[in-house]
Amino acid sequence: MESMSGKTLEFLRKQHPPGSRIRLGEMTDPCPVEPGTMGTLKAIDDLGTYHVHWDNGRNLGLIPREDSFTVLPPEPTMLRLYMPLTADLFEEDREYGFNEEPLPLSGADLRQYAEMIQDALVENQLPEEAERGLMHWYNESDSINEKVQSAVFTLEERKGQLWGVAECRIVGSLSPEELAVLKEYVTGQASDGWGEGFEQRDIDVDEGILNVHLWNYRGWSILTEEERFGVIPEQQKEETLCQRM
């Protein structure tokens, strides 16, 4: 096998990230995988070998320029980032109007208003956010912009309370450094950007007016599903299984 230059390896790894799907044409190995078999790319090593976990259970690498294969882009996966949800309820007094002092509500209190809050989240989206959501405002030309197709704020009821969730469609996988950058960006949108406008939106409920906060200064954090609840998403389970085989 001929060695590859560093620039070629860098190009291939960028074009064909882990998780890309492989369709085999023909393999030169003495005990080849059957032509037409599909597999998932695990990594491209320093020699340029494509390490593949095949759908038939085998793990056999491919050598560019010797083996015939087609690389398909990885299917997007959903990354959910969870954050505590709070709100202020300005109760209506039939005689004096709305109370000036709001009643603070926690995620547990907000479960009864889930449908109304979700509708408000959708209504708060701007037309230019239709395709990429929050990522429309991400101005960096980096790997985050390439890998994160879209990010939108939504809700999920879990563990007896209502959570704010940033649903992020990801192509490939994020490194720990990239995940940290994405969390920082979403935090900014929850506190100073998109979320600042949303918390000023009045949501009419039976008791009065509700103002919902995606971010707050007390005990706030943004965590993945695994970090928050100890649950590993199915995609990550599959990748872990492939690595062990």
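This is a predicted model: local features need pLDDT of at least 70, side-chain atom pairs count only at pLDDT 80 or more; totals for chains, interfaces and linings use all residues.
Residues are numbered from 1 along each chain as its sequence is written, and side-chain values use heavy atoms, with hydrogens and water left out.

User: What makes the contact of E156 with R158 a salt bridge?
Analyst: A salt bridge is a side-chain nitrogen of Lys or Arg within 4 Å of a carboxyl oxygen of Asp or Glu. The closest N and O atoms of E156 and R158 are 2.9 Å apart, so the pair meets that definition.

User: Why is R158 called buried?
Analyst: Buried means under 20% relative accessible area, exposed over 50%, and partly exposed in between (1.4 Å probe, protein chains only). R158 has 19% relative accessibility, so it counts as buried. E156, at 21%, counts as partly exposed.

User: Which residues are linked with R158 in a network of salt bridges?
Analyst: E156 and E225 are linked with R158 in that network. The closest N and O atoms of R158 and E225 are 2.9 Å apart. E225 counts as buried, because its relative accessibility is 16%.

User: How do you know whether K14 is buried or exposed?
Analyst: K14 has 56% relative accessibility and therefore counts as exposed. Its side chain meets that of E146 in a salt bridge (3.6 Å, N to O). E146 also counts as exposed, because its value is 51%.
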